[in-house]
Amino acid sequence: MRAALECQAAGACNALTPAVLPRFGRCDSIATMKKTIYLTTEADTQTLGRELAQSASRGDVIALAGDLGTGKTTLAQAIAEGLGVREAVTSPTFTILAEYDSGRIPFYHFDVYRVHDPDELFEIGFAEYLEGDGLCVVEWADLVEDLLPPGALRVRLEMGAGESERICVIG
Ligand SMILES: Nc1ncnc2c1ncn2[C@@H]1O[C@H](COP(=O)(O)OP(=O)(O)OP(=O)(O)O)[C@@H](O)[C@H]1O
Ligand SMILES: [Mg+2]
């Protein structure tokens with residue numbers, strides 16, 4: 001469980017992975033120390049999101065990667081729901097950041113797809129949010145890999161077999 005160990009070493013992410021993985025574990029590859037989860041339906045993705053939220057603590061960062069339409073926003077919405085966020089959560093594609101304070105801890109939802117210059121992130125205080133008092137979820141996190149803290153929980157979504165299966169790689 002490389003992600004969990006990294007998280008502990010970095011003092012972030014707490015027990016995000018141990019809490020979530022036992023329920024979803026199906027295909028744990030010891031060779032790569034990554035966890036692959038098959039999300040057969042959208043409901044599976046939503047369950048994963050709610051589980052992640054339950055384990056999340058202030059200062060945690062979840063870095064979401066994956067192509068268009070793989071379910072990053074769907075997962076982020078379920079994370080928000082799991083935190084108890086009451087507002088409707090939409091993808092902050094044009095605003096980069098949306099903040100929600102109605103949940104158990106603050107929820108900071110980033111979508112960096114349209115960020116062309118790292119200065120744009122500097123201007124909104126990206127680094128401060130990452131070290132802040134809430135849970136940060138970053139869509140298209142692979143585009144800003146250099147800016148992510150080492151303790152960020154990496155979650156990659158890929159298209160699976162059929163229309164509603166997604167393959168989720170954690171770690
Ligand atoms: N297992 C699944 N998990 C998540 N979404 C699914 C699943 N099966 C089907 N879907 C559908 O796939 C779409 C995922 O869209 P979503 O906006 O969450 O993706 P995204 O990765 O955020 O895309 P983008 O990069 O364009 O922001 C939704 O229409 C959702 O209903
Ligand atoms: Mg999205």
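Mentor: Happy to, and let us begin with the whole protein. Among its contacts between residues at least 6 apart in sequence, 67% join residues at least 24 apart, where contact means that two C-beta atoms, placed from the backbone, lie within 7 Å. This is a predicted model, in which local features need pLDDT of at least 70 and side-chain atom pairs count only at pLDDT 80 or more, while totals for chains, interfaces and linings use all residues. Residues are numbered from 1 along each chain as its sequence is written, and chains are lettered from A and ligands numbered from 1 in the order in which they are written.

The protein has 6 helices and 8 strands; these are DSSP runs numbered from the N terminus, helices being H or I with at least four residues and strands E with at least two. From the N terminus on, the order is α-α-β-β-α-β-α-β-β-α-α-β-β-β. Of the 171 residues, 38% are buried, that is, they have 20 or more other C-beta atoms, placed from the backbone, within 10 Å of their own, against 12 or fewer for exposed and in between for partly exposed.

Helix 3 (42–55) and helix 4 (72–83) each supply at least two residues of the shell around ligand 1. That shell has 17 residues, the closest being Thr-45, Gly-71, Lys-72, Thr-73 and Thr-74; a residue belongs if its C-beta atom, placed from the backbone, lies within 6 Å of the molecule. By class, the shell holds 2 nonpolar, 10 polar and 5 charged residues. Here Ala, Val, Leu, Ile, Met, Phe, Trp, Tyr, Cys and Pro count as nonpolar, Asp, Glu, Lys and Arg as charged, and the others, Gly among them, as polar.

How do the helices meet? Two packed helices are described by the angle between their axes and the distance between the axes. The axes of helix 3 and helix 4 come within 7 Å and cross at roughly 45 degrees; axes are lines fitted to C-alpha atoms over the stretch in contact, with angles from 0 to 180 degrees between N-to-C directions. Helix 3 is therefore oblique to helix 4, since under 35 degrees would be roughly parallel, over 145 roughly antiparallel and 65 to 115 roughly perpendicular, with the rest oblique. Residues making the contact include Thr-45 and Leu-48 of helix 3 and Thr-74 and Leu-75 of helix 4. By class, this contact has 7 nonpolar, 7 polar and 3 charged residues.
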